[in-house]
Amino acid sequence: MFGRLVETGEVPCEEPGKTWAGRGNGTHCAACGEPITPLEIEFEAELPSGATLRLHRLCHDVWREECESLSALD
């Protein structure tokens, strides 16, 4: 699933300028679409394009791995 989102650009592969982590507030994860609850850690990645991705901890890790894999193919 993540690979498709990265390949289609729905979840862009950009090196974040800044990334913050904290408690979730119910925002939906950019990768899986599920809410990030206050019991979970939310990663907020500010991208150079101006977009901000909000991701679960696991989704953030998978996103970074997918982007690294994709860039290795270039």
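## The disulfide

The link of Cys13 and Cys67 is left-handed, with -90 degrees about the S-S bond. It belongs to a predicted model, in which local features need pLDDT of at least 70, side-chain atom pairs count only at pLDDT 80 or more, and totals for chains, interfaces and linings use all residues. Residues are numbered from 1 along each chain as its sequence is written, and side-chain values use heavy atoms, with hydrogens and water left out.

The structure holds 1 disulfide, a term for a pair of cysteine sulfur atoms within 2.5 Å. Here Cys13 is joined to Cys67, at an S to S distance of 2.0 Å. The pair links distant parts of the chain, 54 residues apart: Cys13 lies in the loop between helix H1 (2–8) and E1, and Cys67 lies in helix H2. Helices (H or I, at least four residues) and strands (E, at least two) are DSSP runs, numbered from the N terminus.

Cys13 is partly exposed, with a relative accessible area of 35%, whereas Cys67 counts as buried at 8%. Buried means under 20% relative accessible area, exposed over 50%, and partly exposed in between (1.4 Å probe, protein chains only).

An open sheet of 3 strands has the order E1-E2-E3, with antiparallel pairing. Its edge strands are E1 (18–23) and E3, each of which pairs on one side only. Neighbouring strands are turned by 20 degrees against each other on average, direction ignored. For such angles, axes are lines fitted to C-alpha atoms, for helices over the stretch in contact, and angles run from 0 to 180 degrees between N-to-C directions.

Two strands pair if DSSP finds at least two bridges between them. E1 and E2 have 6 bridges, and in this region Ala21 stands opposite Phe43 in E2. Strand E2 (residues 41–46) and E3 have 5 bridges; there the bridge partner of Glu44 is Arg54 in E3. The hairpin of E2 and E3 has 5 residues between the strands, and Gly50 takes a positive phi near 100 degrees in it.

## The nonpolar core

Which residues make up the largest nonpolar core? There are 11: Val11, Cys29, Ala31, Ile36, Ala45, Leu47, Leu53, Leu55, Cys59, Trp63 and Cys67. A nonpolar core is a set of buried Ala, Val, Leu, Ile, Met, Phe, Trp, Tyr and Cys residues joined through side-chain atoms within 4.5 Å. Strand E3 (52–56) and helix H2 (57–73) are the elements that give two or more residues to this core. The largest share, 3 residues, comes from H2.

## Contacts of Leu55 and His60

Contact means heavy atoms within 4.5 Å. Leaving aside its neighbours within four places in sequence, Leu55 is in contact with Cys29, Ala30, Ala31, Ile36, Ile41, Glu42, Phe43, His60 and Trp63.

His60 has its place in helix H2. Is His60 buried or exposed? With 11% relative accessibility, His60 counts as buried. Leaving aside its neighbours within four places in sequence, His60 is in contact with Thr19, Phe43 and Leu55.
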